[in-house]
Structure formats: C-alpha cells, structure tokens
Amino acid sequence: MKPLKIGITGVRGVVGETFTPELAVGFSQAFGTYLNSGRILVCRDTRPSGPMVQASVTAGLLAAGCEVIDLGVCPTTSLQLAVSWLKAEGGIAITAGHNPSQWNALKFVRNDGLYLNSIQAEELLDIFHQGEFTKAASDRMKSSVDKQDAITYHIERLRETFDVELIAAANLKVAVDCCNGACSKLMPQWLRELGCEVLAINDDPDSPFPHRPEPKPETMAQLRAVVKAGQAEIGFAHDADGERVGIVNERGEPLSEELTFALATRIRLAENPGTVVTNVSTTSAIEEIASAYGSNVIRTPVGQAYISESMIEHRAVIGGEGSGGVSVPELHPTHDGAAAVALILQGLASSRKPVSELVGELPQLTMLKHNVAVEPNRLYSVLQNFRLAVEDEQLTIDVTDGIKVVLPHGWIHVRASNTESMIRIIAESRDPMNAQNLLNWVRDRLTK
Amino acid sequence: MRGVIGESLTPLLLTRFSQAFGTYVGPGTIVIGRDPRRSGEMVRQAVIAGLLSTGCRVVDIGMCPVPTIQLLVRHLKALGGVAITASHNPAEWNALKFIGGDGLFLSGDNAREMLDIYHQGEYTKVPGTEMRGLENLPGATDRHIKTIIDALGALPATVRKLRVVLDACNGAGSVVGPRLLEALGAEVIAINVTPDGSFPRPAEPLPENLGALSAAVKEHRADIGFAQDMDADRLAIVSDEGIPIGEDYTLVLAALRVLNHQTGSVVANLSSTSVLQAVADRFNSRLFLTKIGEVNVTQEMQRQNAVVGGEGNGGVIYPQINFARDSLVGMGLVLHLLAETGQTITQLVDGLPRFSMLKDKLPCPSHKIGAVLRMLRTEYATYPMDLRDGVKVQLPKAWFLVRGSNTEPIIRVISEAQTDMEVQEVLEEVVSKVKRCLAA
C-alpha cells in the first residue's frame, strides 16, 4: 500500500506515487469552494515538486473563482501571518514539513491564520468527495496571480514581539542550518536583525535538502561541526518549512528535540507565568517546569490545530510540541521556528548562562520513541486491540489522542501518526532502564 | 481539446490532458504559451502542473501568437509544445492545441495515440525528488520578429513609408504585430492592441467584423489594413479604399509575392478560391489541394516541398520561416508585395481574375451527413468529383463543396463561380437538394 494521508494536517503523500497533480487540483477546488472563492494565499517550501504542486493548486483555486496571491518560497508561519495582513480568506501552504524530499503536502489555513480544525477538515473532505466544486465563469475568473513578500512582514511582526535590543546587546554568535528549506532567507536575516553574528549553512533554497529535513540529533552532524569550529554560543536546525527547531549547545552537542519546547517554556514562564498548552505525547518535564512557576498545563491531541485553538481558548502564554514546534501567542498561536529562536536567545541574553547550563537546570527525563509501520487498513484495529489489552489489566487510560497510560515509574503513549501509515510509541521515565522497560511493555501488548 | 470555462473545461481535465501529452512526448522540453483570454492563467497553471508531473521541463514563453510557439519548439529543439488558445471562439471558451517536435499540430495517428493515453489514464509519474522546474523565457516574440526580418528583409526604401493600420482584436498579436511592422519599416497605426482578455469585436477576421478597421484605414488614408484573430494565426486584409477584400485573398497575395521570387508548388485546402489556381498557373506552379485543416496542408507542403501554402480563412504558411499559419509572416509578405510592385491593394486585386464565392451552413445531425453526401455523389455522378473531405464537385462554370463540420452539428456548403449570379444559382440548387435529403 502506497502512503497517502488525508486528515487534520492536510493532504500528504509521495509525489510520483499517490500525491498527483489531479489530487492537488481537486483539493484546491474543494478549498476554494469551501471558502466561497475570495482571496487565497499560496506558499511553498523548496522541494523539487513544489512548482508542480503550486501550479496544480493555483489552477484549482482560480477555477473556483479565487483570487490567488503567490507568496513564493517562505515558512508556513509567514503565510499564516499574511492571511490577516492581506485580508485573505485563507491559504494553502505547500510543504511536507519534516518529511523527506519525495513527499509533499497541502496544509489548509483559514481566515484567522490557523489550520482548519478537525471538523472543518471533515467538511473540506466532504466537498472533495462530493466533487461539486464552484466553477467560475471566464468573466468572473481572475486573469492573473499577484505576488507579495510575506517574509518582510513576518520579520516586522517578530521585531514587534521580541526584545531585539536585549538580544542584540548580548552579541551572540549563532549557527543555523536551514536545510535549504523555506526559512533559508528568513532565518539568517532575522538573526542578523537580532544583532547576532550568524554562521548560516544550507541556506540555498535552490539546492536539495542536505539531510532529512527533521531537526533531530541524528540530522545535526553538520551543524555540530559548525558550532564547534565557529565557537558559536548555540546552533539551530530547522525543518523544511521553518516550523520546528532543534538545538546544538555551545559544546557542539545536539539536544533531543523534546528539549526545545521544554527550554522555551522555562524561559517564557520565568518572565511571564501562565497556561501552557502541549499535546499528550510531549515530555512530562513541561508539568514540572510549569508547577515551579505556579503555572498549569493543558494537554491536547497531537496536531498544531488542536494546540492553536486550545491556546486561544485558555489564553495560554506558550504552546508547543515535543517535535520542536513552539508557539508564542503575541506573534501568532502557531508554531514558528523564528519565534522559538528569538525566545531562546532572549533567555540566553537575559540569564547570561550558556545553553548547556540552562538545559542542565531542566528536569532530566528519558524519553524513548519508536515507530511501527502498519498497513493503513490495519492501523486502527491494531490500536483497538492494544486498547483492549490495556483495559483488561484494569489500567486507567487517557484517550485524548490514541492511548496514553500513566504507570508507576513513567508513562507511555501509543497513537496513529497523522502523517504516515505507522504507529508511534513514546515512553518516558526518569530512569533510562525504566523507559526501556515501558517501551517493551507496549511492544509486548502491541504484538499480541 | 476545447471547451467552455466554468462548464466542461475544468482544471482537472486540463491537467490530465497535459499529463497524457507529457507521457506521450516523454520527459523533455515543452514550450507553452497562451492568448490573452481571462481564463488563460488558470489553464496555464493546470498545463504546467500536468507537464511537470510527467518529468517535462516546461519553458513558458508567455502571451504570444500560436505560430511563435511553433517556431520556438523548433528553435529550442523541444519535444513539443502546448498552445493555450481557443483561436476564434468567444471569450468563455478555451482550448489546448498540442504541437509535436516538428512544430506541427499533432494529427491523425499521433493525436489518436495521445488520446489513447488520456483514456487509459496511465500517466508517467516522476518521483518528487526528480521533478524539473518551470522556466520563463522572455523575448520569444522578439525572436519571431527577427526570424521574419532575417528571411524577408526590411521593406525596400520607397518614396514614402507604407502606412498600415493593424487591428489585433486585443489578441495575442497585440504584443508583437506593431513591433514587427515597425521593424519592417512601415508606419503603424494600431487599434485593439490591449491584450486584457476583452473582445472588441468577434474574433474571426470576417468582412462583417472589420468595420472599425475599415474606418481607420479611410481616416488615416492608409495603404492597407490588417486584421488578426485571437491567436494571430489568421490574417485578413482591408484595401486602401477601406474595403475588406475577403480572407481568401490573403493567401492569394502572399502566394503572388512568394512566386515572384521562388519557383515551386503551392498547397491549399479544397475550399480555397480558384483565384489561387490562376495565380499558380501564371507562374507555371502546381497547386495541390488537401483536406481542410492546417496540419493536412503543412504535411502536404512537406511532401511537395512547396514554397508557400495555407488556407482560405486567412492562414498563410511560408516554410522558409515557419511551418505554421502565421499572420505575422503574412503581413511581411503582403507588404513586400506592395512595396515591390508599387501597386495598391485595389490595383493588385483588380489585376487578378474575379471569382465570386458563397458559403452557407445547415443544421444537420452527424448521423445524417453520410446520407447527404451519398445523395450528392449520385446526383452529380457525371461531373469530376473530389471525395477526400466531403464531396467537392467541379461543374462547368462553378465548383461546390459540401462537408460536415468537425466541431458543430452542421453541414457546410461552399460554392465559387465567375459571376455572382452563377454562384447564387449553384448554391441554391445544392442547398435545396441537401434540405430535401435531410427532410426525407
């Protein structure tokens, strides 16, 4: 079975297999129909299939009577911010985020700059399946596509949100790996505006991804070398659309992606205590940090749309996920690599401590992640069997998203991936041995 | 592949046809261009998506005449081209015209093969990592103009510049016609050269649509008026007296100029005027007549190594420059004829034998066309007959052609004779026979 996922995070698949131009045209017609035509923004990351997908999307939107504004290559957040700036009805970001180069995806953004929530995604899917799209007559069809620079606007908004002078005064030397992705222009420019000395690598959007566009320790070898050789205070790694952030400390050591949000939360709450929103599979270090600052934590299902809506509902001061996404609500309640970087640099500047020391002050937990590939037609029955096995043991389960079980020495979380046909298993404990035992505990019950 | 935007011609259909074309020609360079219709941008995006997904490298030359695309396919040694235009159809239409690596439209077996791929739906899918990009190539029309000037030269210096009025119908010729005329050394007055997707007149350059041009020619005392259609492949002429001389005469005058300089045969379609035969006879050239359709003419021109050819609807093909109906080439040839002969359009037309042509069309369901044609074959069995495209009969003082339309449920009747009265008689006779047959 070839991978194609249509769900809350949009439409995602492998180009050359399931992700065809017809699919992109059809979903764009459906989206244009869903938003009653109107102005729609389109941006993309730097994958080789980007121009093909963008042409499909533009054709579908124009046919549905939309006015299309082309933002070119830019981070997804730039598009999300530009939606209100340009008074658009919505947007489509063409990016498969952290997925490898052969993948691509459509992410649908509504008129408040947030992703469609699960109900809206269902409605869109219904229109797609019904196939009854708005067909603009030729005299109502827009005859051209305008371009706008969303990156400059994004940087303006960042400048209003963060303490640029504080960071600039610290004269930090910062390395950044843009993975030749959508943030190749924005990130180095933003860091320079923050007064940093910038060591940028892989910042050519016309070159292929130098490594898997997922900011995890195993993809950060180049960045580590640059931090060490350049004696940088910190290194940042980004995914293809500039949403997630991974960190290399001043010694050139890569941090687990889980620590990005934990560090950001600590820095944020120290200045501004309040509600924190994160998903059920993110480290429980977040609760420990929050309680130290008298703050509370709201847990949502996995997916940015849930985080964003919950942040607004609970007036959260920060939101984020263990994958390295951080949302700062003064900018936008959606993950933004540039905002995460600014927040962390603000923490470095105000504490005058090195990254390793700041991270050393965080709760020390061991999290293990494991993925099990499952054919799409068995995915949910495997999960259901696991749930029944756990329930047989009289354990309390949290079904916010998948199955989460809190056990005496830690917790486990098992769920279907939103983006690929696999089951994701996470186990966390203060003790590394225990974490491994928890993982084995899950595996035993999954294979039954 | 033609349809109405907002109805049958959807982006999905356009993408699939482009995927089928990309699959058919293989992963190489494809040149695309479009006319100024409002839906052109949507269609262009759908075409780019389909072509890129099959691994083609897409070179977009922007808004330009169809013959510019055909020329660029050959200049860039591309594997093919896609022209986005519904030529003379009204504004709500659009269409894709597929061009092979030789710069000719796909036809016959080639078109059928591509259609098979479309229906089978098994398109080449290139992996996302190997997909190629879109390239914008500016200056394609400059290259077209240069090719024409290189072949024909600027107009010979005369006592005064030729004064030309151009009506580009706000079409694809708007961006290039005035520049070509200036490069040739003519004085240009241009009307309807705002390519914004509006149609200032019906796009076909028929005499009844050329009122504004005729008035402008008279007002400016111009030597000639030129009218193009939306995609700038067809050309009609208004005389120095402000009278449309009929689309048939465009090819006649172009052929006159070519045969003045070159020896060789001429190719036209079955419905072309007998004036063309007279011109060919004057130069002892052979005239070959083909089935109707540009590609039939161009293929026959290649077989006969013809020096000029075209169609009676104002399409001039001059292979030394372009194997395509090309209004720009037509303008160059006719202006050179004026300059070289020192005669006016009126004098040139008066110097040719006079024929009178009449056309009519009757609604006819496609399943009845066969019966009509069989009836005519029996009724006129004693006269010389050409059955390649409908029925063409050579009567003693006239000819007529009856054929089913390729695009609409109608049957077309065309007749030509030396006098108005003779042609009127023949047309009435044939039309009444057809009507009787349809009523039976």
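Tutor: A residue is buried if 20 or more other C-beta atoms lie within 10 Å of its own, and exposed if 12 or fewer do. The model discussed here is predicted. By that cut-off, 53% of the 440 residues of chain B count as buried.

Student: Why is Leu348(A) called buried?

Tutor: Leu348(A) has 21 C-beta neighbours inside 10 Å. The cut-off for a buried residue is 20 or more, so Leu348(A) counts as buried. This leucine belongs to helix H12 of chain A, which covers residues 337-351.

Student: What makes up the surroundings of Leu348(A), leaving aside its neighbours within four places in sequence?

Tutor: Leu348(A) is in contact with Ala170(A), Leu172(A), Glu233(A), Ile234(A) and Val355(A).

Student: Why is Asn171(A) called exposed?

Tutor: Asn171(A) has 11 other C-beta atoms within 10 Å. An exposed residue has 12 or fewer, so Asn171(A) is exposed. Asn171(A) sits in the loop between helix H6 (164-169) and strand E8 (173-177) of chain A. Its phi is positive, about 45°, although Asn171(A) is not a glycine.

Student: What makes Asn305(B) exposed?

Tutor: The count for Asn305(B) is 10 other C-beta atoms within 10 Å. With the limit at 12 or fewer, Asn305(B) is therefore exposed. Asn305(B) lies in the loop that links helix H10 (294-304) to strand E13 (308-311) of chain B. Its phi, near 50°, is a positive value in a residue other than glycine.

Student: How do you know that E8(A) and strand E9 of chain A are paired?

Tutor: Pairing requires at least two bridges between two strands. E8(A) and E9(A), residues 197-201, are joined by 5 bridges in the parallel sense, so they pair by the cut-off of at least two. In one of these bridges Lys173(A) has Glu197(A) as its partner.

Student: Why are E13 and E15 of chain A called edge strands?

Tutor: The open sheet has 4 strands in the order E13-E12-E14-E15, with mixed pairing. Strand E13 (297-300) and strand E15 (325-327) each have a single partner strand, so one side of each is left without a neighbour in the sheet. Neighbouring strands here are turned by 20° against each other on average, direction ignored.

Student: What makes E12 and E14 of chain A a pair?

Tutor: Strand E12 (residues 276-279) and strand E14 (residues 318-321) of chain A run parallel and are joined by 3 bridges. The requirement is at least two, so the two strands pair. Val276(A) has Ile318(A) as its bridge partner in E14(A). Helix H11 (residues 304-313) of chain A packs on this sheet, touching E12, E13, E14 and E15 at about 160° to E12(A). Helix H9 (residues 258-271) of chain A lies across E12, E14 and E15, at about 170° to E14(A).

Student: Which strands stand at the edges of the sheet of 5 strands in chain B, and why?

Tutor: The order of this open, antiparallel sheet is E15-E19-E18-E17-E16. Strand E15 (356-363) and strand E16 (385-386) of chain B each have a single partner, so one side of each has no neighbour in the sheet. Helix H13 (residues 366-379) of chain B packs on the sheet, touching E16, E17, E18 and strand E19 (410-417), and makes about 155° with E18(B). Within the sheet, 4 bridges join E17(B) to E18(B), and Val391(B) has Val402(B) as its partner in E18(B).

Student: How do you know that chain B is as compact as a globular protein of its length?

Tutor: The radius of gyration of chain B is 22 Å, and the globule rule gives 22 Å for 440 residues, so chain B is as compact as a globular protein of that length. Its secondary structure comes to 14 helices and 19 strands.

Student: What makes up the contact between the chains?

Tutor: Chain B gives 34 residues to the contact and chain A gives 35. On the side of chain B, the largest share, 10 residues, comes from H2(B). By class, that side has 13 nonpolar, 13 polar and 8 charged residues.

Notes:
Residues are numbered from 1 along each chain as its sequence is written. Chains are lettered from A and ligands numbered from 1 in the order in which they are written. This is a predicted model: local features need pLDDT of at least 70, side-chain atom pairs count only at pLDDT 80 or more; totals for chains, interfaces and linings use all residues. Two residues are in contact if their C-beta atoms, placed from the backbone, lie within 7 Å. Helices (H or I, at least four residues) and strands (E, at least two) are DSSP runs, numbered from the N terminus. Ala, Val, Leu, Ile, Met, Phe, Trp, Tyr, Cys and Pro count as nonpolar, Asp, Glu, Lys and Arg as charged, and the others, Gly among them, as polar. Axes are lines fitted to C-alpha atoms, for helices over the stretch in contact, and angles run from 0 to 180 degrees between N-to-C directions. The radius of gyration is taken over C-alpha atoms; the globule rule is 2.2 Å times the number of residues to the power 0.38.
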